[in-house]
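Here is my note on the structure you asked me to look through. Keep the 3D view open beside you and go through the points in order.

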Amino acid sequence: QVQLVESGGGLVQAGGSLRLSCAASGLPFSSYSMGWFRQAPGKEREFVASRTSYADSVKGRFTISRDNAKNTVYLQMSSLKPEDTAVYYCAARESATNRGYKYWGQGTQVTVSS
């Protein structure tokens, strides 16, 4: 059974930083590409970051990284803005295919106060 479990969300003031973690189990982690997405209240879920790209709204502020030994992907978020407030989800897709993200975590809330 594949599980993706996010952690590290919370309440932070504008200009602050947070690091999100996503621990994966039940899949060959090194064979999967990982991404981060977010969904703000009343909005559709949107792409945030993958190894090869970032949303324009987070470029230069967010950094994705992974530790294959720990089966974990991270999202370092800096210079946070109130508009970054959302539930953040990690997702996994098979690297060898062009298929979309197959597995999703349950999400972690990030709230940025002004």
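1. How many aromatic pairs does the structure hold? There are five. Two rings of Phe, Tyr or Trp (for Trp, its six-membered ring) pair if their centres lie within 6.5 Å; planes under 30 degrees apart count as stacked, over 60 as edge-to-face, and the rest as tilted. One of the five pairs is Phe37 with Phe47. This pair is edge-to-face, at 5.7 Å centre to centre and with 75 degrees between the planes. It links distant parts of the chain, with Phe37 in strand S4 (residues 32–39) and Phe47 in strand S5 (residues 46–50), ten residues apart.

2. Before you go further, a word on where all this comes from. This is a predicted model, in which local features need pLDDT of at least 70 and side-chain atom pairs count only at pLDDT 80 or more, while totals for chains, interfaces and linings use all residues. Residues are numbered from 1 along each chain as its sequence is written, and side-chain values use heavy atoms, with hydrogens and water left out.

3. Stay with Phe37 for a moment. Phe37 is buried, with a relative accessible area of 10%, whereas Phe47 is partly exposed at 28%. (Buried means under 20% relative accessible area, exposed means over 50%, and partly exposed is in between, using a 1.4 Å probe and protein chains only.) Phe37 also forms an edge-to-face pair with Tyr101, at 5.1 Å centre to centre and 80 degrees between the planes. Phe37 lies in strand S4 and Tyr101 in the loop between strand S8 (86–94) and strand S9 (103–104), so this pair ties together parts that are 64 residues apart in sequence. Tyr101 is partly exposed, with a relative accessible area of 23%.

4. Ring pairs link Phe37, Phe47, Tyr101 and Trp104 into a cluster. Look at Trp104 from the side of Arg45: the charged end of Arg45 sits over the ring, 3.8 Å from its centre. Arg66 does something of this kind with Phe29, lying over the face of the ring at 4.2 Å from the ring centre. (A charge sits over a ring if NZ of Lys or CZ of Arg is within 6 Å of the ring centre and within 35 degrees of the ring normal.)

5. What about the overall build? The protein has zero helices and ten strands. (Helices, H or I with at least four residues, and strands, E with at least two, are DSSP runs numbered from the N terminus.) The radius of gyration is 13 Å, close to the 13 Å that the globule rule gives for 114 residues, so the protein is as compact as a globular protein of that length. (That radius is taken over C-alpha atoms, and the rule is 2.2 Å times the number of residues to the power 0.38.) Along its principal axes the C-alpha trace spans about 40 × 25 × 25 Å. Buried residues make up 41% of the 114 residues.

6. Which cysteines does the disulfide join? It joins Cys22 to Cys90, with 1.9 Å from S to S. (A disulfide here is a pair of cysteine sulfur atoms within 2.5 Å.) Cys22 lies in strand S3 (residues 18–25) and Cys90 in strand S8, so the pair ties together parts that are 68 residues apart in sequence. The torsion about the S-S bond is about 50 degrees, so the disulfide is right-handed. Cys22 is buried at 0% relative accessible area, and Cys90 is buried at 0% too.

7. Two serines are worth a click. Ser50 lies in strand S5 and is buried, with a relative accessible area of 8%. Not counting residues up to four places away in sequence, Ser50 touches Met34, Gly35, Ile64 and Tyr101. (Contact means heavy atoms within 4.5 Å.) Ser33 is found in strand S4, and its contacts beyond four places in sequence include Arg66, Ala91 and Tyr101. The C-alpha atoms of Ser33 and Tyr101 are separated by 8.6 Å, though the two are 68 residues apart along the chain.

8. Finally, check the backbone at Asn71. Its phi is near 50 degrees, a positive value in a residue other than glycine. Asn71 is found in the loop between strand S6 (62–67) and strand S7 (72–77).
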